[in-house]
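Q: I have a chain open and want to get to know it. Can you walk me through it?

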Amino acid sequence: MKALITLIFLLPILLFGCSEQAAKSGQNVISGTAEIGGPFNLINQDNLLVSENDFLGKPQLIYFGFSYCPDICPTALQKMGAVQEELDPDGDLINYLFISVDPERDTSESLKLYVESGGFPKGLSGLTGSKEQIDIAKLAFKVYSQKVTLSDSEADYTVDHSDIIYFMDENGIFKDFFFGRNTIQEIGQALRKSVG
Ligand code: NI
């Protein structure tokens, strides 16, 4: 509960995104004290329908971002990869999820290439869906994201988003969270209590 309260208080000031505007636009994100996590229905990188139930039975590390993100997302996913190497070298103790906040561009086909990027966790699931399906998942995890156009062209945009790795237990219950800028050691230390 303490971690949850901390999360709710820290989120508005500690949001980071994929452009420098993130800090400015990261307001009014969290209201209420509802729990983190909940049902979702999305498609994975193999174009199969998945829900939160498909990832139960193992603890989960879940990150929301988008494949076009130049640095924030790759950094966080590479940290997840390094943590996997340390705590879960065979990749069978934890389920690793990347949920897109950019369903317009992140198709299951493009996510398939993305989740296989070097340094990312082995077996990383890349999830996308309709805008409505993504909104439901974002709401469940209190995730902030905001499309920011970069020029007059509507196709030219980035997405500011919260930079948080959620740690859920094997029953899908929120346990802890990390920021993408937490060190591998910090994340590993916190997870070691629950994994392995
Ligand atoms: Ni990103």
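A short chat about this chain follows.

Q: What should I know about the model before we start?
A: This is a predicted model, where local features need pLDDT of at least 70, side-chain atom pairs count only at pLDDT 80 or more, and totals for chains, interfaces and linings use all residues. Residues are numbered from 1 along each chain as its sequence is written, and side-chain values use heavy atoms, with hydrogens and water left out.

Q: How many helices and strands does the chain have?
A: Six helices and nine strands. Both are DSSP runs numbered from the N terminus: helices are H or I with at least four residues, strands are E with at least two.

Q: What share of the chain is buried?
A: Buried residues make up 51% of the 196 residues. Buried means under 20% relative accessible area, exposed means over 50%, and partly exposed is in between (1.4 Å probe, protein chains only).

Q: Which residues touch the most other members in the largest nonpolar core?
A: Leu-61, Tyr-63, Phe-64, Phe-141, Tyr-166 and Leu-191, out of 50 residues in that core. Helix 3 (residues 72-87) gives the largest share of this core, seven residues. A nonpolar core is a set of buried Ala, Val, Leu, Ile, Met, Phe, Trp, Tyr and Cys residues joined through side-chain atoms within 4.5 Å.

Q: What does Tyr-166 touch?
A: Leaving aside residues up to four places away in sequence, its contacts include Ile-36, Leu-61, Phe-64, Phe-141 and Phe-174. Contact means heavy atoms within 4.5 Å. Ring pairs also link Tyr-166 with Phe-64 and Phe-141 into a cluster.

Q: OK, ring pairs. How many aromatic pairs are there?
A: Seven. Rings of Phe, Tyr and Trp (its six-membered ring) pair if their centres lie within 6.5 Å; planes under 30 degrees apart count as stacked, over 60 as edge-to-face and the rest as tilted.

Q: Why is the pair Phe-40 and Phe-55 tilted?
A: Their ring centres are 6.4 Å apart and their planes sit at 35 degrees, so the pair is tilted. Phe-40 is in the loop between helix 2 (22-25) and strand 1 (41-43), and Phe-55 is in the loop between strand 2 (49-51) and strand 3 (60-65), so the pair ties together parts that are 15 residues apart in sequence. Phe-40 and Phe-55 are both buried.

Q: And why is Tyr-114 with Phe-120 edge-to-face?
A: The planes are at 70 degrees, with the ring centres 5.2 Å apart, so that pair is edge-to-face. Tyr-114 is buried, at a relative accessible area of 10%. Phe-120 is buried too, at 9%.

Q: New topic. Where does the charged end of Arg-105 sit?
A: Over the ring of Tyr-68, 4.3 Å from its centre. Lys-147 lies over the face of Tyr-157, at 4.3 Å from the ring centre. A charge sits over a ring if NZ of Lys or CZ of Arg is within 6 Å of the ring centre and within 35 degrees of the ring normal.

Q: Is Lys-138 buried or exposed?
A: Buried, with a relative accessible area of 13%. Lys-138 is in helix 5 (residues 131-140).

Q: Last one: which residues of helix 6 are buried?
A: Ile-187, Gly-188, Ala-190 and Leu-191. Down the helix axis, the buried residues fall within an arc of 165 degrees, so they line one face of helix 6. That arc is taken from the directions from the helix axis to the C-beta atoms. The face turned away carries the exposed residues Gln-185 and Gln-189.
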